Amino acid sequence: MGQTAVSIGANVFQFFTRNPRGGAAKPLDMLDVGEFESYAAERGIGPILAHAPYTLNAAGAESRVREFAEATMFDDLKRLEATPGAMYNFHPGSHVGQGIEAGITLIADMLNRIAGNLGFAPATTVLLETMAGKGSEVGGRFEELKAIVDCVEMPLGVCLDTCHVWDGGFDIANDLDGVLEEFDSVVGLERLKAVHLNDSLNPLGSRKDRHAKLGKGRIGLEALSRIVNHPLLRDLPFYLETPCDLQGYKEEIALVRSLRGENP
Ligand code: FE
Ligand code: FE
Ligand code: ZN
């Protein structure tokens with residue numbers, strides 16, 4: 001993955017810890033991990049961002065669903081000890097009709113049990129992803145993320161997904177400063193550790209969560225340019241989740257670099 005990243009001009013990347021729809025992870029090959037660590041150090045790659053499977057729902061109504069979420073995250077965090085300094089992003093969950101409050105409690109309780117069962121402070125920063133608020137998703141409002149952060153013993157960060165906040169009704173195209181001020185006053189900008197850089201197929205507040213290629217959606221290239229250059233965001237790692245193949249990502253990375261006035 002490190003060599004692929006370098007071949008398309010990336011200096012960070014996101015990967016799924018296992019099949020995005022769930023299931024067992026391959027056993028860790030420590031030789032691979034060691035090679036990756038030295039390659040990443042040499043080429044200045046990082047921080048790498050691990051993404052939990054989409055099926056992970058800490059706020060599920062069925063205990064089977066919640067147990068899968070807990071076991072998966074616990075296992076992922078143990079495995080990520082092999083790559084210290086990585087980050088681990090997950091969708092807080094969907095309360096499936098139990099209500100936002102109940103959802104927040106279930107998510108926070110799971111994180112606290114995981115922290116307790118690990119028995120050590122993870123070398124990985126766990127990030128809550130901002131969500132579009134689709135269906136019964138928790139995390140579409142900054143207050144919901146803050147409520148989770150406040151109830152959890154381990155230090156949590158936030159990953160801001162540009163498509164999700166836009167779809168959730170935060171106008172990052174016309175009022176980026178206002179949105180960042182709101183984030184700062186509710187959650188605190190010191191919690192913001194990563195950005196998922198995506199355009200959106202749908203209009204502001206649509207709560208749809210359909211990613212578009214950069215400049216091919218409703219957020220638009222001018223707004224995305226302001227995002228990647230904003231003094232409060234510029235130094236964060238940006239991860240693309242646009243519907244691209246490898247060549248497409250290579251082109252988008254070159255585009256983002258040119259928007260930032262960087263050499264490709
Ligand atoms: Fe995500
Ligand atoms: Fe995302
Ligand atoms: Zn999304």
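Predicted model: local features only at pLDDT ≥ 70, side-chain atom pairs only at ≥ 80, totals over all residues.

Residues are numbered from 1 along each chain as its sequence is written, and chains are lettered from A and ligands numbered from 1 in the order in which they are written.

**Helix α9**

Now select residues 246-259, the whole of α9. Helices (H or I, at least four residues) and strands (E, at least two) are DSSP runs, numbered from the N terminus. The 14 residues of α9 should span 20 Å at 1.5 Å a residue, and its end C-alpha atoms are 20 Å apart, which agrees; the expected span is 1.5 Å times one less than the number of residues.

Turn to E252, I253 and V256, the buried residues of α9. They lie on the same side of α9, because they cover an arc of only 105 degrees around the axis, taken from the directions from the helix axis to the C-beta atoms. Show α8 (221-229) and β11 (238-240) as well: both are among what covers these buried residues. After α9 comes G261, with a positive phi near 70 degrees.

**The core**

Which residues touch the most other members of the largest nonpolar core? Select Y88, I107, L127 and V158, out of 61 residues in that core. A nonpolar core is a set of buried Ala, Val, Leu, Ile, Met, Phe, Trp, Tyr and Cys residues joined through C-beta atoms within 7 Å. Helix α4 (residues 100-118) gives the most to this core, with 7 residues.

Center on I107. Leaving out residues up to four places away in sequence, I107 touches A58, A59, P92, G93, V138 and I148; contact means C-beta atoms, placed from the backbone, within 7 Å.

**The whole chain**

Zoom out to the 9 helices and 11 strands of the protein. The C-alpha trace spans about 45 × 45 × 30 Å along its principal axes. Buried residues make up 39% of the 264 residues.

Finally, color by pLDDT, the predictor's confidence in each residue, from 0 to 100. The mean is 96.

Note on methods:
Buried ≥ 20, exposed ≤ 12 C-beta atoms within 10 Å, placed from the backbone. Contact = placed C-beta atoms within 7 Å.
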